[in-house]
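Hello! Here are a few notes to read alongside the model, grouped by region. Please have the viewer open as you go through them.

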Amino acid sequence: MKAIRRFTVRPVLPEPLRPLSELSRNLRWSWHPETRELFESVDPDRWRETGGDPVRLLGSVATDRLTALADDRRFLRRLEAVREDLRDYVTGQRWYQQTQAGGGDLPAAIAYFSPEFGITGALPQYSGGLGILAGDHLKAASDLGVPLIGVGLLYRHGYFRQSLSREGWQQEHYPVLDPNELPLARLAEDDGRAVQIRLALPHGRSLRAAVWVAKVGRVPLLLLDSDVDENDPGERDVTDRLYGGGSEHRLLQEMLLGIGGVRAVRAYCRITGHPGPEVFHTNEGHAGFLGLERIRELIAAAGQGDDKDGLDFQAALESVRAGTVFTTHTPVPAGIDRFDRELVARHLGDDAELPGIDVEQVLRLGLESYPGGEPNCFNMAVMGLRLAQRANGVSTLHGSVSRAMFAGLWPGFDPEEVPIASVTNGVHAPTWVAPEVFRLGARQIGAQRTEDALSVGASERWDAVAQIPDGDVWELRRSLREQLVEEVRNRLRASWRERGAGAAELGWIDGVLDPDVLTIGFARRVPSYKRLTLMLRDRDRLMELLLHPERPVQIVVAGKAHPADDGGKALIQELVRFADDPRVRHRIVFLPDYGMTMAQKLYTGCDVWLNNPLRPLEACGTSGMKAALNGCLNLSIRDGWWDEWYEPDFGWAIPTADGSATDDERRDELEAAAIYTLLEERVTPRFYDTDGGGLPRRWIDMVRQTLVHLGPKVLAGRMVREYVERLYAPAARAHRTLTSDIASELAAWKARVRAAWPRVAVEHVEASAQPAAAELGSTLNLRVRVTLGELAPDDVEVQAVAGRVDAGDRISEATVVSLKPSAGPDLEGRWVFEGPLSLDRTGAFGYTVRILPGHRLLASPAELGLVAVPTEGGAEQEAGVLLR
């Protein structure tokens with residue numbers, strides 16, 4: 001018989017052990033070694049059986065064991081020390097508080113919205129890099145003391161568990177998660193009533209959600225859960241699976257995340273006294289509806305004495321934009337959620353959410369109303385960009401790709417001027433660095449300085465790695481490789497048993513991998529652009545590498561395909577079938593069910609991390625960062641983060657064959673050949689080139705260079721500090737500036753400028769230069785006559801844009817010079833602007849002039865997407881190209 005309901009009956013902890021419950025409910029244990037070691041000592045066998053989950057451990061430990069621990073003075077002293085350490089961590093002054101005390105004008109709080117969060121395997125609410133990045137963002141914010149509030153959804157099935165059929169085809173399993181068995185607490189009012197968030201749906205229906213709170217160190221993470229009794233069955237399933245369901249299902253998930261998430265934040269701050277967020281950060285477009293809820297709040301505040309009293313839609317939009325940051329993670333339009341406009345209109349009209357707000361104004365925020373867009377398509381990333389005054393990509397290259405991809409939103413501007421910045425991702429070192437690596441660092445510079453170096457980052461602390469003896473570095477690397485070999489054998493044996501193999505068939509697994517062989521790792525999601533099977537392009541050549549008599553390599557592969565992606569599943573099956581070949585199965589393995597727990601062993605135990613995406617389709621790709629923090633060397637296409645930080649001192653760049661004349665087949669062939677050649681001629685010789693003492697000195701030096709030079713760069717602490725200084729602090733200042741009156745003034749000014757812009761024009765440009773004066777260091781005096789229509793000079797900025805030019809007269813490496821009004825208006829309303837232009841470089845040089853809207857509250861001159869430039873023949877010849 002099957003139970004109709006399942007739950008856990010927990011033992012009552014003896015009074016001296018009550019702090020264990022507090023420690024288990026704060027997810028800092030997932031990156032704090034002393035806390036994990038304390039829980040492991042409660043019952044080492046059960047700790048392993050529960051996968052290192054303190055909540056499950058305490059729910060299953062025997063009562064007599066708890067009684068014995070309650071009388072164990074040594075254990076109780078350790079327990080008290082760990083509890084005090086957590087309390088100091090949660091309440092003490094950290095980087096953010098020290099910066100604020102030093103005069104830093106920082107926001108009181110930031111709300112960080114993401115569709116997934118990868119904090120720990122014990123809270124499986126992630127599918128891949130986006131979620132892991134979000135989890136690392138929260139952890140680093142906690143380490144730095146940043147007052148962040150995380151907001152997401154609680155998926156009752158999480159993301160799927162993966163296994164393989166006997167034929168190597170991916171199988172998906174969706175275990176049901178009980179929030180009461182997770183490190184979560186229900187958000188409740190002071191009288192104990194559970195908080196419930198409500199969204200209105202068409203035809204008088206409602207979508208309700210509970211709010212669960214996870215403590216991520218100092219940071220609360222709010223997770224909305226639609227599986228509540230008050231919902232109808234369809235609404236209960238809204239948060240069933242991550243990235244599951246059809247279009248309307250996804251829309252409801254994203255409405256709950258954005259609109260419901262804002263309401264959950266308001267409830268949390270009211271109940272706990274947490275400062276209300278001044279900045280809202282949308283991590284990818286899924287949470288973009290949060291901006292609409294904040295607009296609704298500001299409009300609804302009319303007549304209630306609020307500071308934003310009386311705002312209409314456009315003024316509220318300006319206020320919301322000022323305090324919003326949007327991060328895009330996808331380099332391809334296909335990776336963005338898009339909905340039919342009629343579906344969105346049905347859910348956001350008077351009969352559903354946002355009553356009283358003109359739905360056409362809402363739709364205009366997301367419609368692809370630009371050349372090449374689909375006019376009836378509501379694009380979540382487009383809405384995210386229009387609702388945020390500040391936006392960024394996640395690596396320097398991805399920022400460039402994003403500016404080009406979304407350039408249609410800013411017509412008339414070159415992609416380089418599109419207002420999308422970049423903050424390169426980082427990873428949370430305390431989560432991903434092996435304890436053995438930490439201990440080696442602590443032995444060198446002390447535990448506290450090592451902890452600071454991993455969480456905050458400072459290059460002078462990382463320089464101490466240079467003093468670690470070669471023998472210690474190599475012993476560490478071999479120890480980690482040996483641990484990986486044991487992990488792989490255990491997982492491989494379990495996988496084969498799931499595939500139907502009997503124990504008598506699996507004796508060969510004891511010989512899989514060798515702790516003294518060069519080990520390559522490849523683990524990630526399996527969309528086609530990541531090219532899981534590129535390594536199989538020339539199977540004979542790969543076999544020679546795997547079976548080389550003197551310099552063999554071994555490869556560990558893992559990854560999940562989306563349940564609906566049969567193409568990705570076919571790639572997995574192709575690789576699995578190759579790895580099943582008895583000739584090579586001791587040298588190459590595929591491990592199913594890739595997740596955080598497995599990843600922590602892979603990153604630490606591999607010698608080389610392989611990444612071969614189609615450039616530039618990898619937005620950042622942080623797995624190589626995690627490997628690098630453990631002394632693993634990167635062998636990668638120059639995409640994402642590797643494009644900006646690669647140096648030959650600590651890794652290898654796979655040449656790309658991305659010319660326009662190269663088709664996909666030829667490109668794969670060339671890039672696969674480049675991988676084989678690098679492995680044959682450069683990677684394996686260096687690994688196996690040892691001195692008389694058996695040490696590969698040149699390899700060890702590359703490990704050392706990786707830690708010294710990449711270590712401080714790849715940290716999530718560095719990333720979060722950049723977000724604070726470059727995005728959060730300016731957004732908070734802009735938010736404070738836009739009182740109701742100023743927001744209304746700015747909205748009215750934008751409306752006036754947009755209405756008048758068709759009559760704004762550059763009529764004539766002339767320059768004072770004579771041919772003899774066109775030499776380096778000389779100056780042109782520009783005189784520009786413009787028509788401004790109903791606008792005044794204070795409404796615009798007239799600029800000269802100058803720089804090198806190519807054969808088509810396109811300007812690059814541009815310098816912008818503002819020109820000043822010198823005369824006007826004349827009888828026809830024309831103005832004259834003048835200014836000097838320095839000829840500061842030799843060679844082909846050119847300039848043009850343009851008119852942009854100008855206002856002190858604009859975050860970027862391109863913000864309105866309006867520009868006026870000279871028409872053909874509307875300027876003297878000198879306004880074209882000079883100094884050819």
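A residue is called buried under 20% relative accessible area, exposed over 50% and partly exposed in between, with a 1.4 Å probe and protein chains only. This is a predicted model, where local features need pLDDT of at least 70, side-chain atom pairs count only at pLDDT 80 or more, and totals for chains, interfaces and linings use all residues. Residues are numbered from 1 along each chain as its sequence is written, and side-chain values use heavy atoms, with hydrogens and water left out.

1. **Helix H16.** Which residues of helix H16 are buried? They are Leu 397, His 398, Gly 399, Val 401, Ser 402 and Arg 403. These buried residues pack against strand S13 (390–393), strand S14 (421–422) and helix H26 (640–645), where contact means heavy atoms within 4.5 Å.

2. **Domains.** The protein chain is divided into domain 1 (15–91), domain 2 (95–426 + 727–737), domain 3 (436–714) and domain 4 (756–853). These bounds come from an automatic or database domain assignment. Between the C-alpha centres of domain 1 and domain 3 there are 34 Å.

3. **H2 against H6.** The axes of helix H2 (residues 33–42) and helix H6 (residues 73–91) come within 10 Å and cross at roughly 150°. Axes here are lines fitted to C-alpha atoms, for helices over the stretch in contact, and angles run from 0 to 180 degrees between N-to-C directions. H2 and H6 are therefore roughly antiparallel to each other; angles under 35 degrees count as roughly parallel, over 145 as roughly antiparallel, 65 to 115 as roughly perpendicular and the rest as oblique. On the H2 side the contact is made by Glu 34, Thr 35, Glu 37, Leu 38, Ser 41 and Val 42, and on the H6 side by Phe 75, Arg 78, Leu 79 and Val 82. By class, the residues of this contact divide into 5 nonpolar, 2 polar and 3 charged. For these classes, Ala, Val, Leu, Ile, Met, Phe, Trp, Tyr, Cys and Pro count as nonpolar, Asp, Glu, Lys and Arg as charged, and the others, Gly among them, as polar.

4. **H18 against H19.** Helix H18 (residues 435–445) and helix H19 (residues 447–455) pack at an angle of about 120°, with their axes 7 Å apart. That makes H18 oblique to H19. H18 contributes Phe 438, Gly 441, Ala 442 and Ile 445 to the contact, and H19 contributes Ala 447, Arg 449, Thr 450, Glu 451 and Leu 454. The contact of H18 with H19 has 5 nonpolar, 2 polar and 2 charged residues.

5. **Around Leu 602.** Leu 602 lies in helix H24 (residues 596–605) and, at 2% relative accessibility, counts as buried. Not counting residues up to four places away in sequence, Leu 602 touches Leu 484, Ala 523, Val 556, Ala 558, Tyr 594 and Trp 609. Leu 602 and Leu 484 are 118 residues apart in sequence and 6.6 Å apart in space, C-alpha to C-alpha.

6. **Backbone points to check.** Most residues other than glycine have a negative phi, and most peptide bonds are trans. Phi of Asp 593 is positive, near 65°; Asp 593 is buried, with a relative accessible area of 17%. Asp 809 has a positive phi of about 65° and is partly exposed, with a relative accessible area of 40%. Cis peptide bonds join Arg 615 to Pro 616, with omega about 5°, and Gly 824 to Pro 825, with omega about 0°.

Conventions:
Helices (H or I, at least four residues) and strands (E, at least two) are DSSP runs, numbered from the N terminus.
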